[in-house]
Amino acid sequence: MMKTKRVQVFAAALGLMAASFSLHADTIRPLTAADFAKRPPFSTPSMSPDGQYLAMAIHDDVNAAGGGKYEIGVFHLPDMKPFSRLDVPAKQVPEQIIWTSNTRLIIVPARQLGWLDAPQLTGDLIAVDYDGSHQQSMYGWVAAHRHGLPPGARGYFSGLPSKPNGHFYWTTSISIAGKAREGRTEIFDVDATTGTAISMGSFNEAGMRLIVHDGIARIAYGLDDQNRPLLFEHDSENQAWRKVPTSARSAIPLAISDDGKQVYWRYSADGGPYALAVSNFDLSNLKILASDSFGSVDEVYWTPYPHKPFAAMIDTGRPRVIYVDDDNSATIHKALSEQFPNLLIRFAAISEDGTRVLVRAGSDKDPGVYALFTLNPVSFKPLFRIAPQIDPQSMASRLPIRFAASDGQQLDGYLTLPARGAKLPLVLLPHGGPIDIRDHWDYDAWAQFLASRGYAVLQVNYRGSAGRGPNFQHAGYKQFGTGIQQDLLDGVRWAIAQGYADKDKVCVFGASFGGYSALMAPIRSPGTFKCAVDFAGISDFDIMADKSDMETTERGQNYFNQAIGQDEATLRAISPLYHLDQFNVPVLIVHGEEDPRVPLKNATKLRSALDKAGKPYEWLIKPKELHGFYSDEDNTDFLQHLQDFLGKYLGSAAK
């Protein structure tokens with residue numbers, strides 16, 4: 001049970017300060033396409049262990065060549081007085097900013113490959129003092145050899161010691177070309193000042209993840225060549241790794257308890273939704289801490305040292321938090337959640353002594369606000385808004401929905417509704433992926449842009465999506481052109497039957513796999529749609545099998561075969577390019593000229609086939625753009641094209 005009196009005391013104190021927590025944008029005015037396309041000026045905030053400083057990425061000149069430049073800003077808390085600015089290498093994104101002590105930072109850079117893809121880590125790492133001095137490369141092609149790390153290995157940041165001591169953990173993986181597992185994975189304790197690296201353990205396969213406790217790698221986990229889970233544990237480096245049998249269970253280790261005796265897991269016993277669980281290393285004496293029969297535990301909230309979970313979040317529908325401990329952190333979180341019931345409260349960081357919390361508060365209407373909570377005395381100070389140009393009061397509500405697909409499968413999703421009326425023109429907006437990706441309740445810029453123009457927006461977490469456990473995820477395998485598309489169509493029929501949508505005014509718009517669905521849905525359901533918008537979508541799976549930058553390892557090839565199929569008949573059966581005789585709606589084709597994930601050939605072959613068939617389309621190709629547009633200027637131009645195209649075929653839907 002939570003300590004109710006303590007929660008009430010916090011809530012009362014916070015209530016006195018609630019008025020200072022502004023939830024409004026700088027100005028209230030009609031929002032333009034540029035407002036929705038604008039990249040947040042600040043990102044990746046990270047608080048020092050003592051809670052005195054905040055470091056974050058600052059994005060300048062987004063429309064410059066290459067998408068602009070990033071810097072790291074360090075600010076004093078709580079007044080946000082600038083302390084220092086640190087350079088980031090050109091054409092790189094600071095994917096992670098981590099404090100290894102109160103004065104030393106490490107920056108993990110990545111390359112942005114387009115709006116639709118997560119940035120790809122470069123394998124480098126930069127360390128710098130918080131005042132900008134003593135900057136050096138800690139890992140990279142040259143630095144790795146200098147500091148005793150394996151040269152040429154793929155590396156990534158993999159954690160911090162339990163108590164900040166100026167060190168961090170770095171994992172390297174060396175594999176034989178084209179082989180997913182043949183090679184070696186090793187984890188190092190690295191001094192962030194000197195760069196000295198000491199091995200804490202290794203595993204004689206590549207691509208594994210290692211979890212350490214008390215300076216020793218105790219757990220190794222990953223996937224085999226057939227993408228089945230692997231799990232091993234041992235007590236010391238002198239012992240052989242012991243394989244943990246999982247059978248039908250799926251167990252993803254999150255952390256080892258401070259006493260080194262137990263492991264916290266995301267756990268599914270039978271393929272259902274993941275729960276938060278704790279057990280011995282071999283999964284014996286397992287105890288479920290938080291679970292839900294429909295949705296998985298998505299996020300876990302941790303206390304400061306000794307780092308134990310105090311809450312877990314279920315992310316289906318409107319996210320809800322399950323408290324598993326009555327620690328001070330839980331008390332603070334509950335008090336903030338009660339004070340701001342319309343917002344989802346996340347802890348971005350907690351100081352080492354637990355008295356300062358970097359809070360992120362957001363909702364379906366609000367991209368989010370960062371604030372600082374202090375315990376002694378109790379205070380709550382807003383620091384900055386993620387998207388200051390967006391006014392939450394003018395945004396549409398995202399209604400969580402559930403319905404049964406035509407085969408009985410229970411599905412969930414979101415319906416973003418303008419304020420006015422029923423039987424609205426509807427835009428079906430399928431997410432990308434498709435496997436292990438999902439739409440969330442949080443603010444969605446595309447859905448809000450469309451709703452601001454008067455359209456209802458339907459997003460369906462079809463079979464294969466994340467958030468429902470392994471069985472639901474695997475239900476999307478070999479269903480890319482069939483079951484997944486049927487789920488989307490069933491969602492449209494549900495929205496029409498419920499009176500939300502006008503059956504004569506429906507379009508489909510998606511990006512990446514969503515762009516593929518925008519081509520496939522009108523083929524599977526002639527007469528349902530008035531138009532389609534294909535942004536970086538797949539028109540021919542033969543191209544993906546041959547030209548895409550998707551993994552070329554044995555594991556990647558096996559995944560392609562398991563999830564999609566590789567024989568020519570299968571690929572043609574699910575490729576829109578070979579079924580254009582049944583595609584009878586106008587389509588807006590949007591693509592980046594240098595897209596490495598879904599090559600431009602998908603768009604050019606589609607255009608040629610439509611030309612040959614005499615079918616209508618519009619064309620928007622951006623030079624130098626990759627998988628999704630990167631610059632604000634190009635994204636603004638796309639949204640304007642989208643608005644004009646939908647207006648032409650659905651009619652004006654503006655409020």
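Tutor: Strand β18 is joined to strand β19 (residues 263–268) by six bridges, and the two run antiparallel. Within this pair, Ile252 has Arg266 of β19 as its bridge partner. The model is a predicted one. The pair belongs to an open sheet of four strands, ordered β18-β19-β20-β21 and paired in the antiparallel sense. Because β18 (250–256) and β21 (287–290) have a single partner strand each, they form the edges, and one side of each is left without a neighbour in the sheet. From one strand to the next, the twist averages 35°.

As for the setting, the protein has 13 helices and 36 strands. Of its 655 residues, 57% are buried. Among contacts between residues at least 6 apart in sequence, 56% join residues at least 24 apart.

Another open sheet has eight strands, in the order β29-β30-β32-β31-β33-β34-β35-β36, and its pairing is mixed. Its edges are β29 (397–404) and β36 (617–622), each of which pairs on one side only. Direction ignored, neighbouring strands here are turned by 20° against each other on average. Inside this sheet, strand β30 (residues 410–417) and strand β32 (residues 456–461) run antiparallel and are joined by five bridges. Tyr414 finds its bridge partner in Gln459 of β32. Across this region lies helix α5 (residues 445–452), which covers β29, β30, β31 (424–428), β32, β33 (501–511) and β34 (531–535) and runs at about 150° to β32.

Helix α7 (residues 483–497) packs against α8 at an angle of about 75°, the axes being 10 Å apart. An angle from 65 to 115 degrees counts as roughly perpendicular, and α7 and α8 are therefore roughly perpendicular to each other. On the α7 side, the contact is made by Ile484, Gln485, Gln486, Leu488 and Leu489, which meet Phe513, Tyr516, Ser517, Met520, Ala521 and Arg524 of α8. Sorted by class, this contact comprises seven nonpolar, three polar and one charged residues.

The nonpolar cores come next. The largest one has 52 residues, of which Leu426, Leu458, Phe480, Phe529, Phe541, Ile564 and Phe583 touch the most other members. Helix α8 (residues 513–524) supplies the largest share of this core, with seven residues. For Phe541, the contacts beyond four places in sequence are Phe480, Tyr516, Phe560, Ile564, Leu571, Ile574 and Ser575.

Asp634 is located in helix α13 (residues 632–650). The relative accessible area of Asp634 is 14%, and since buried means under 20%, Asp634 is buried. Neighbours within four places in sequence left aside, Asp634 is in contact with Lys622, Glu625 and Phe629.

Key: Residues numbered from 1 in each chain as written. Predicted model: local features only at pLDDT ≥ 70, side-chain atom pairs only at ≥ 80, totals over all residues. Heavy atoms only, no water. Pairing = 2+ DSSP bridges. Axes fitted to C-alpha atoms, helices over the stretch in contact; angles between N-to-C directions. Core = buried A, V, L, I, M, F, W, Y, C linked by side-chain atoms within 4.5 Å. Buried < 20%, exposed > 50% of the residue type's maximum accessible area, 1.4 Å probe, protein only. Contact = heavy atoms within 4.5 Å. Parallel < 35°, antiparallel > 145°, perpendicular 65-115°, else oblique. Nonpolar A, V, L, I, M, F, W, Y, C, P; charged D, E, K, R; others polar.
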